[in-house]
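Here is a short report on one protein model. Have the sequence and the 3D view ready as you read.

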Amino acid sequence: MAPVLSRSLTSASVASLPSCSPLFPSRNANKVFYLKRSAFVPQNGLGKSFSMSGLKGGLGRRHRGVVVRCDAAVAEKDAPETSGEQHEYQAEVSRLLDLIVHSLYSHKEVFLRELVSNASDALDKLRFLSVTDPSLLGEAGELEIRIKPDPDNGTITISDTGIGMTKEELIDCLGTIAQSGTSKFLKALKVVVSTKSPRSDKQYVWEAVADSSSYIIREETDPEKLLARGTQITLYLRPDDKYEFSEPTRIQSLVKNYSQFVSFPIYTWQEKSRTVEVEEVEEPKEGEEAKPEGEKKKKTKTEKYWDWELANETKPIWMRNSKEVQKEEYQEFYKKTFNEFLEPLAYTHFTTEGEVEFRSVLYIPGMAPLNNEDVMNPKTKNIRLYVKRVFISDDFDGELFPRYLSFVKGVVDSNDLPLNVSREILQESRIVRIMRKRLVRKTFDMIQDISESENKEDYKKFWENFGKFLKLGCIEDSGNHKRITPLLRFVSSKSEEELISLDDYVENMGENQKAIYYLATDSLKSAKTAPFLEKLVQKDIEVLYLIEPIDEVAIQNLQTYKEKKFVDISKEDLELGDEDEVKERETKQEYILLCDWIKQQLGDKVAKVQVSKRLSSSPCVLVSGKFGWSANMERLMKAQTLGDSSSLEFMRGRRILEINPDHPIIKDLNAACKNAPDSTDAQRVVDLLYDTALISSGFSPDSPAELGNKIYEMMAMAVGGRWGRSDSDDDEEEEKEVQSTESDVGPDGASEVEVIEPSEVRSENDPWKE
């Protein structure tokens, strides 16, 4: 028996190797180190390069890996029979395994997971062998695991009723790895392994002290310490670890976290409390007789006691057939596993077979995270990875799910992954890449089922909570655009209350419409009143309203849907498809002089001035260039905390002023351009027209105060004297102001101000008044 680096139980002999587990993900009994090529072995193999004294290297092929067979040379020393036989560790194996241990595991607490997994494998082996040889079970009781911490003495005892080990197996297994595995990784001062195999009449004890080069194996002679069957490991922890790992509550939490779904019952030694009735002791008063026992008063009190408590009550629901599991069971498992109080919106239970085999249950939560920091956090603990029902990790950074699907919760159980999964192995593992692809596909299938269900409220609720995640997927995952795009929902000019899909939009398009039109603004109200919409609404063309900051970037990454391009109606060169080219040419010729005159007045504020195709009631609108930022994007980029102000001018699109030739103001300006091109009033109107177009088009004015003064001047010109106010009223008000000012000024020109001291201010009921 020797340690193995694979957790496979398909080998010929599997035994309980309790103290081996912190080093190795497997508890197989074969005397083999099974190493994955990518993790430990160079590409050219180990045939010529792997050799060390005391080890005979041999290579073999197995499961696409490299098998290193080690024939350990164990040196025995003569020792008195009273203290047992003393054996020497192999130094080379110790150094090798010490290197492996500290490169594979990052948390000390993993030792308990490994020891419990070892015990589970020993029970599995016994159950397997008992099918052909029932006598192995004997009368040793149920197949179970018990963990008893002792905080006072700083020890942990792990017992199982599994297959146990013989003396030869103790030497072959623990003699080669226990020094590096137990002493250094477990941080134990001393390790005692007591084991009884049903194939042997004797019980043996293996004992080792930290930092020692030898160990002792002796026969157990104390009748009180004899085991019916199985293995018992006692770890004497170091002072700096015993306060943490010998606490019963800590042990209970570690078992629930790592070994919750082990197929055998795990009991932990816990302190409990119960209420009991006791007789109240009352001393009789002088002259009174003592009350008979039946008449004595009783009271209740709470007493503490210690007892075994089952730690792994929850069953691995993913191991069952999905047709046999009820909906209520899925919901209950979700609430217990992820500490949720709401039922999930949807779930999927599937098994993947073929190149990679794994089982999984995925859930879509009923509510988005309350903490905004967790909304797009890829390091959520929502996916729990298991290997053969043993918990490995929930700390992933996008290895199993992309960031935009980080809201999905669930469990994944794979037999193909090694138990010693680390972040580096996950990132490089081909198995994990295949798992990720299939998990993402199953998640999209689950979301698609919600969108197609008869209950429309379910998808509405999903979109309110997780719609932003899918829009982020449009930006980050171009490979899944075909799956994401049908799931998107938007408000439109024809559906302001209900969200519509892009499929609905395309289905409602007119025959001459060749593009999907959208408008990005900061709110629904500003979108509905935007001047860009006027002509499109008049022609009954539907426009999508992008009112969330992420919408515009997401749509720009999609570019097309069902061979229809996405077109921003706030940018230049808008083609609606049914224009009258002759009329357009005549109108453009008529107003070409006005366009040049307005451009001359505005200077560098605009790139050019042209006649608009999108206006019907507004006098003008300011549109962006085809390749620059829109007004909405410019607003968002200015609001960035760490934005680069130097790039704003470079990325800002050129601004083009479009005028409406049918509006009265434009017609008046056309006349002013021809008859009075130097009129200051006409120039002031052009400036104000540009500033108002700037605001109505979604841009921010450079000087709001200057714009306000222009509006006040125009208001004064329009309102002055309209309601009967005469100039004489203004003169009287000015005289009154002058008189009031002169009355406050003294003979020497200084204003007289009456100063009242605080001490002179007294009320009638002042208690300090004499």
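## Salt bridges

The count comes to 29 salt bridges. A salt bridge here is a side-chain nitrogen of Lys or Arg within 4 Å of a carboxyl oxygen of Asp or Glu. The model is predicted: local features need pLDDT of at least 70, side-chain atom pairs count only at pLDDT 80 or more, and totals for chains, interfaces and linings use all residues. Residues are numbered from 1 along each chain as its sequence is written, and side-chain values use heavy atoms, with hydrogens and water left out.

## Two pairs

Glu355 and Arg430 meet through their side chains, 1.7 Å from N to O. Glu355 sits in the loop between β14 (346-352) and β15 (358-364), and Arg430 in helix α9 (residues 430-452), so the pair ties together parts 75 residues apart in sequence. Helices (H or I, at least four residues) and strands (E, at least two) are DSSP runs, numbered from the N terminus.

Glu658 pairs with Arg614; their closest N and O atoms are 3.0 Å apart. Glu658 belongs to strand β27 (residues 655-659), while Arg614 is in the loop between β25 and β26 (620-624), so this bridge links parts 44 residues apart in sequence.

## A sheet

Six strands form an open sheet with mixed pairing, in the order β20-β19-β22-β21-β24-β23. Strands pair if DSSP finds at least two bridges between them. At the edges, β20 (495-501) and β23 (560-561) each pair on one side only.
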